Amino acid sequence: MENVIEAKHLMKKFGQKSAIDDLSFQVRKGEIFGLLGPSGSGKTTTIKILTGELNKTSGDVSVLGELSSDFRSSQFKSKIGILSDNSALYERLSVYDNLKLFCKLYHAPLKQIDAILHDVNMERERTKTVSKLSKGMKQRILLAKALIHKPALVFLDEPTSALDPGNMAQIHRGLQALNEAGTTIFLTTHNMEEATELCDRVAFLNNGKLQELDEPEALRYKYSTHAFHVETIDGEKLVIDNTSTNADQIRTLIAEEQVRSINTDKPTLGQIFLKVTGKELV
Ligand SMILES: Nc1ncnc2c1ncn2[C@@H]1O[C@H](COP(=O)(O)OP(=O)(O)OP(=O)(O)O)[C@@H](O)[C@H]1O
């Protein structure tokens, strides 16, 4: 499988402090890859290195076949899209005029603007001045800006932070459609539900170190005790180990119509993160 990002033994130091510590991972072409970690774990630093905003201290990194020495070239920038804290819009210009400027910057055709406004569900705000938009609307225009030149790979640093559930769902649908059309997405988030819903694979970052990397379901299976949680019609809650010797107990409960619900134990990504790092994902 083709990799669009390859990081090997990546290190980033700020003075004596290691923000990124021996980080190695690959991102496959066409996937949605989530980097999860608490505040200060090194997510933004990783994105900044991968997009040429920061230099690595050591290690090897390539993105879309280019080495980090080329990450500042305009040719490289035209192949990636970035949504980060540093992304900004011209507040006094309209939505359309903002996107027109970015089209010119990236040599993208202007007809792209209406298509992208449709994708982020902002067609009706086309002529509105940016300063009059809500936070969620601005975030959707920033996303449109990151995607206007149809990049092969987009980096989204907490794309839905501080958005209400409606706006968040809207952006999720847009990202899924974009991904289905072939764009690889690298995103960071604190939000476990978001990661579980969107990401093909997730990496856990803690103090700049990689702690886990796999598909959300594979991690949930790996950290499951595999026990059955049975609630009886009397409200009793039983935890029954998933072993052949316990089969009769479960069979009897079902035969006697004693079972209200039965579930296997599958921890959430947040619970797994807590188990692996001892930290909440906030
Ligand atoms: N320019 C800088 N100078 C010094 N230290 C920095 C700099 N940028 C980041 N750091 C430190 O590097 C570590 C990782 O920061 P980073 O911003 O990558 O974390 P993060 O996981 O993105 O956090 P958040 O979720 O809060 O955005 C932190 O300890 C931070 O204080």
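Two residues are in contact if their C-beta atoms, placed from the backbone, lie within 7 Å. This is a predicted model, in which local features need pLDDT of at least 70 and side-chain atom pairs count only at pLDDT 80 or more, while totals for chains, interfaces and linings use all residues. Residues are numbered from 1 along each chain as its sequence is written. The chain has 10 helices and 13 strands, where helices (H or I, at least four residues) and strands (E, at least two) are DSSP runs numbered from the N terminus.

**Overall build**

- The C-alpha atoms of the chain fill a box of roughly 70 × 45 × 35 Å, taken along the principal axes.
- Of the 282 residues in the chain, 34% are buried, a residue being called buried if 20 or more other C-beta atoms lie within 10 Å of its own, exposed if 12 or fewer, and partly exposed in between, with C-beta atoms placed from the backbone.
- Among contacts in the chain between residues at least 6 apart in sequence, 69% join residues at least 24 apart.
- The chain is divided into domain 1 (80-150) and domain 2 (225-265), with bounds that come from an automatic or database domain assignment, and the C-alpha centres of these two domains lie 53 Å apart.

- Around the ligand stand F14, A19, G37, S39, G40, S41, G42, K43, T44 and T45, where a residue is near a molecule or strand if its C-beta atom, placed from the backbone, lies within 6 Å of it.
- By class, this shell has two nonpolar, seven polar and one charged residues; Ala, Val, Leu, Ile, Met, Phe, Trp, Tyr, Cys and Pro count as nonpolar, Asp, Glu, Lys and Arg as charged, and the others, Gly among them, as polar.
- Helix α1 (residues 43-50) gives the most to the shell, with three residues.
- Eight of the eight residues of α1 are buried, so this helix is largely enclosed by the rest of the structure.
- After α1 comes G52, whose phi is positive, near 85°.

**Strands and sheets**

- An open sheet of four strands has the order β2-β1-β4-β5, with antiparallel pairing, and two strands are said to pair if DSSP finds at least two bridges between them.
- Because β2 (17-28) and β5 (66-67) stand at the edges, each with a single partner strand, one side of each is left without a neighbour in the sheet.
- Strand β4 (residues 58-63) is joined to β5 by two bridges, and the two run antiparallel; S62 has L67 of β5 as its bridge partner.
- Elsewhere, β9 (residues 201-206) and β10 (residues 209-214) pair in the antiparallel sense over five bridges, with L213 of β10 as the bridge partner of A203.
- In the hairpin of β9 and β10, which has two residues between the strands, N207 takes a positive phi near 50°.

- Helix α5 (residues 135-147) has 13 residues and reaches 19 Å from its first C-alpha to its last, close to the 18 Å expected at 1.5 Å a residue, the expected span being 1.5 Å times one less than the number of residues.
- The buried residues of α5 include Q139, R140 and I141, and what covers the buried residues of this helix includes β6 (80-83), α3 (95-105), α4 (112-119), β7 (153-157) and α6.
- N179 has its place in helix α6 (residues 165-180) and is partly exposed, with 17 other C-beta atoms within 10 Å.
- Leaving aside its neighbours within four places in sequence, N179 is in contact with I32 and I185.
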